[in-house]
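Here is a brief report on one protein chain. Look at the sequence and the fold first, then read on.

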Amino acid sequence: MSEPNPYADGEYKWGPGQGPGQAPGQGGAPGTPGYGYPQDAVPGYGYPQTPAYQPTLAEGVPVPQHFPPAPAGAAPVLALGDITVVGDQIITPAGSMPLKGAVWNAMDMSRTEEKIPTVGIVLAIVFALLCLVGLLFLLMKEKKTTGFIQVTVTSGGRHHATMIPATGPDTIHWVMGQLNFARSLSV
């Protein structure tokens with residue numbers, strides 16, 4: 001591997017330090033660009049940029065405002081998880097947002113399962129031997145709701161999401177009622 005290619009004609013050489021009069025494996029002259037960067041290329045995609053810092057927001061996009069905290073004596077109007085509406089502001093762990101123009105969304109990620117409890121199966125087997133009335137125990141049903149309801153709010157260039165545990169199949173209706181009240185306040 002350390003010997004040169006016997007089939008090379010000598011015209012094309014590649015790699016760093018392959019300038020005129022340099023052997024393979026030697027470095028380039030001091031001050032010359034490293035391997036892989038064209039010498040007369042305009043910086044663009046794939047080449048290093050000249051400015052060291054590039055802003056994350058495009059030109060013309062307003063920087064989000066920072067709103068002062070709500071007054072200490074103000075009473076909360078609405079609370080959904082860790083989102084609280086106080087006066088004309090929405091207070092979240094990420095900071096406060098203006099209430100006017102806020103966008104509220106909810107996503108139901110809960111599910112309700114229905115199954116026959118173990119007691120019903122045991123009673124059906126015991127009483128099925130005595131009479132066929134024991135089969136009525138198989139009609140016993142048990143409902144169990146698990147999961148969360150995600151509530152998100154976006155306002156003033158900020159976004160916050162919270163998860164509310166679903167304790168029953170009617171939890172989504174309660175959250176949507178609160179969310180519709182919050183939407184009416186945001187107008």
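How many aromatic pairs does a search of the whole structure find? The search finds one. Details follow below.

## Basis of the model

This is a predicted model: local features need pLDDT of at least 70, side-chain atom pairs count only at pLDDT 80 or more, and totals for chains, interfaces and linings use all residues. Residues are numbered from 1 along each chain as its sequence is written, and side-chain values use heavy atoms, with hydrogens and water left out.

## Overall layout

The chain has two helices and seven strands. Both kinds of element are DSSP runs numbered from the N terminus: helices are H or I with at least four residues, strands are E with at least two. In sequence order the pattern reads β-β-β-β-β-α-β-β-α.

Of the 187 residues, 20% are buried. Buried means under 20% relative accessible area, exposed means over 50%, and partly exposed lies in between (1.4 Å probe, protein chains only). The chain exposes about 13,900 Å², and carbon and sulfur atoms supply 62% of that area. Accessible areas come from the Shrake-Rupley method with a 1.4 Å probe; for residues, only the protein chains shown count as cover. Among contacts in the chain with a separation of 6 or more, 52% are between residues 24 or more positions apart. A contact means heavy atoms within 4.5 Å.

Two strands pair if DSSP finds at least two bridges between them. Axes are lines fitted to C-alpha atoms, for helices over the stretch in contact, and angles run from 0 to 180 degrees between N-to-C directions.

Now the pairings. Four bridges join β1 to β2. P76 has V86 as its bridge partner in β2, and L80 stands opposite I83. The β1-β2 hairpin has two residues between the strands, and G81 takes a positive phi near 65° there. Three bridges join β2 to β3 (residues 89-92), with V85 partnered by I90. That hairpin also has two residues between its strands, and in it G87 takes a positive phi near 60°. β3 and β4 pair over four bridges. T92 is partnered by G95 in β4, and a hairpin of two residues joins these strands.

## The three-stranded sheet

The other open sheet has three strands in the order β5-β6-β7, again antiparallel. Its edge strands are β5 (103-115) and β7 (158-165), each pairing on one side only. Neighbouring strands are turned by 10° against each other on average, direction ignored. Helix α2 packs here too, touching β5, β6 and β7; its direction makes about 170° with that of β5. β5 and β6 are joined by 13 bridges. T112 stands opposite T145 in β6.

## The nonpolar core

Which residues touch the most other members of the largest nonpolar core? They are I83, V85, I90, W104, V151 and V153, out of 17 residues. Four elements each supply at least two core residues: β1 (76-80), β2 (83-86), β6 (142-155) and α2 (171-185). The largest share, four residues, comes from α2. A nonpolar core is a set of buried Ala, Val, Leu, Ile, Met, Phe, Trp, Tyr and Cys residues joined through side-chain atoms within 4.5 Å.

Take I83. Leaving aside neighbours within four places in sequence, I83 is in contact with L78, I90, I91, T92, W104, V151, V153, H160 and T162.

## The aromatic pair

The one aromatic pair in the structure is F127 with F137, which are stacked at 5.5 Å centre to centre with 25° between the planes. F127 lies in helix α1 (residues 118-130) and F137 in the loop between α1 and β6, so the pair ties together parts ten residues apart in sequence. Rings of Phe, Tyr and Trp (its six-membered ring) pair if their centres lie within 6.5 Å; planes under 30 degrees apart count as stacked, over 60 as edge-to-face and the rest as tilted.
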